[in-house]
Amino acid sequence: MTSTLFSLLFSFVPFILIFIYLRMLRKRTLISFYIKSGIRCYSCKDEIITIMDEEYFNSLRKMEEEEKDTYRLCTSCERNRSIDILFSKKRGQIMLELKKFILSSKYDKIQRVIIIGCMALPILGLIVKYAFGFENHLSDVSNLINTIIWSFMIFQLRTTTIPKEK
Ligand SMILES: [Zn+2]
């Protein structure tokens with residue numbers, strides 16, 4: 001009984017996260033292009049380059065072709081990173097790596113696969129239950145993964161957006 005109640009309550013968590021995500025989406029402006037092209041810092045989102053010229057775009061295209069990172073840190077974030085490395089502070093370094101990972105196209109692909117998987121799992125669970133007669137927890141697993149992926153999506157949205165100007 002308690003486990004049924006728990007899984008029922010738990011199934012609401014992804015919906016709450018989706019609600020928070022949509023609310024944030026409405027209130028924030030997407031700047032992922034500026035971050036991915038190194039115009040804004042990928043950590044604090046401050047502008048690094050104010051004037052974009054053709055030469056810069058050409059160098060950017062070249063970096064993309066060579067599959068090099070096109071994101072950059074501003075001077076103050078770069079300084080903080082050096083200090084973190086010097087004093088082996090792991091938290092800041094992990095945060096930067098996480099931000100870089102979330103901006104990569106690899107992450108986008110992983111996210112897409114996981115979301116499709118999350119939709120398929122409860123259906124698979126029902127098939128296993130009614131066609132083969134096995135009680136299973138596939139929908140709970142789906143809820144758990146959904147909770148994790150939507151938390152990541154909120155983090156990604158925070159990383160790639162700024163508050164809308166009023
Ligand atoms: Zn910065």
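Student: How many of the 12 residues of helix α4 are buried?
Tutor: This is a predicted model, so local features need pLDDT of at least 70, side-chain atom pairs count only at pLDDT 80 or more, and totals for chains, interfaces and linings use all residues. Residues are numbered from 1 along each chain as its sequence is written. A residue is buried if 20 or more other C-beta atoms, placed from the backbone, lie within 10 Å of its own, exposed if 12 or fewer, and partly exposed in between. Helix α4 lies largely in the open, because its number of buried residues is zero.

Student: Is Asn80 buried, exposed or partly exposed?
Tutor: Asn80 sits in helix α5, residues 75-86. Within 10 Å there are 17 other C-beta atoms, so Asn80 is partly exposed.

Student: Which residues make up the largest nonpolar core?
Tutor: A nonpolar core is a set of buried Ala, Val, Leu, Ile, Met, Phe, Trp, Tyr and Cys residues joined through C-beta atoms within 7 Å. The largest one here has five residues: Ile35, Cys41, Tyr42, Leu73 and Leu103.

Student: Which element gives the largest share of the side of domain 1 that touches domain 2?
Tutor: The domain assignment, automatic or from a database, gives domain 1 as 30-102 and domain 2 as 104-160. Contact means C-beta atoms, placed from the backbone, within 7 Å, and here it takes eight residues from domain 1 and six residues from domain 2. On the domain 1 side, α3 (32-36) and α6 (90-103) each give two or more residues. The largest share, four residues, comes from α6.

Student: What is the radius of gyration of the protein?
Tutor: The protein has eight helices and two strands. Its radius of gyration is taken over C-alpha atoms, and the globule rule is 2.2 Å times the number of residues to the power 0.38. For 166 residues the rule gives 15 Å; the protein is more spread out than a compact globule, because its value is well over that, at 21 Å.

Student: What share of the 166 residues is buried?
Tutor: The C-alpha trace spans about 65 × 40 × 35 Å along its principal axes. Of the 166 residues, the buried ones make up 9%.

How values were computed: Two residues are in contact if their C-beta atoms, placed from the backbone, lie within 7 Å.
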